[in-house]
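Please have a look at the structure first, and then I will go on to the details.

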Amino acid sequence: MQANDLSIEQLAGQRLMVGFDGTELTDELKLQIDTMKVGGVILFARNIETPSQVRRLCFSIQDYARFCGQPPLFMAVDQEGGVVARLKAPFTEFPGNPAMRGPEDAIEFAEITAKELTEVGFNMNMAPVMDAAPEGLDSVNAKRIFGHDPAYVAEMGCTVIRHFQKNGLMAVAKHFPGIGRTVLDSHYELPTLDSPLAEMEAYDLIPFRAAIENQAAGMMLSHIRYSGIDSDWPASLSKKIAGDLLREQLGYNGLVITDDLDMGAIAKHYDINTIIRQLMGANVDIALICHPGPNIEAARDQILKSMREDAGLYAQGRASVFRMAELKNQFIDTHDV
């Protein structure tokens, strides 16, 4: 992928990762690839039937992007194991992060998962979960975390990151800067965590610092309002969190991705144009929209409008796509797409 050669329309589209309905390449998805020029696609259980079907689907999507003269696509899925695993048997089913007993379990999970995902055409996994939750708290993420000690979470999560990426699968650490101490589900509501930054640095941020040191390809932002850092915006739309804390203070240079913008925490409170303007100003690379609908086209139009009207946002957008190009060139074998 040569980012220098991309038009402004392509630069705008690359900032989107989208979901769709169906188990084969649909006309709607073709439109998103050839006209909206999206940079990535995410699959869910609704798109998956068998290993051979999902392989045909992933490769047909990449083939179509190439046919349209588009860069190769991020092909993503949520395969954490346990309660969040889109690929069921005959793919290997793991009991999930809480059941792991040490690094050997993490290595086995990561190596088998990377092999199975890349064989059917995925190049990105929205995992591992790097949230830590204090013991005794009814955490929203209790069934998805490695444990309560952030140092242990860091060790286990980074083991997964290294073994995913060593085996050709991009890892996306989530949910920055940590949702383990929240009890509301952001799929439905906008939770608030009233915690000063110093307190978060001493607990929540420890695994994410380790993920950065281990060069996680992506970092997913949560839809939580951290009032001790930014009382106005949730992390996914916050310049203070995505731009200042993650990019500047922690020095993260990989992909910054929102959690699904269709989730209630965001969709119930903000219109799509506000969402896009805010995340662009926060130096977020990819807007994740997991359900088909008018928000995808509206998001693309707002990204394009913002880049055309603001030289600073245009420069930031180019920098985002250059980050994407570096990862796509590293992890996606164009001979296979």
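Let me begin with the wording for angles: those under 35 degrees count as roughly parallel, over 145 as roughly antiparallel, 65 to 115 as roughly perpendicular, and the rest as oblique. What we have here is a predicted model, in which local features need pLDDT of at least 70 and side-chain atom pairs count only at pLDDT 80 or more, while totals for chains, interfaces and linings use all residues. Residues are numbered from 1 along each chain as its sequence is written, and side-chain values use heavy atoms, with hydrogens and water left out.

Helix α10, residues 272-281, packs against helix α11, residues 294-309, at an angle of about 45° and with the axes 9 Å apart, and the two are therefore oblique to each other. In the contact, meaning heavy atoms within 4.5 Å, Ile272, Asn273, Ile276, Arg277 and Met280 of α10 meet residues of α11 including Ala298, Gln302 and Met307.

Turning to the sheet, which is open, its eight strands follow the order β11-β9-β7-β6-β3-β2-β1-β12 with parallel pairing, where two strands pair if DSSP finds at least two bridges between them. The edge strands are β11 (255-258) and β12 (287-289), each pairing on one side only. Strand β9, residues 218-221, runs parallel to β11 and is joined to β11 by four bridges, one of them linking Gly218 with Leu255.

Leaving aside residues up to four places away in sequence, Val54 touches Leu43, Ile48, Phe91, Val120 and Phe122.

How values were computed:
Axes are lines fitted to C-alpha atoms, for helices over the stretch in contact, and angles run from 0 to 180 degrees between N-to-C directions.
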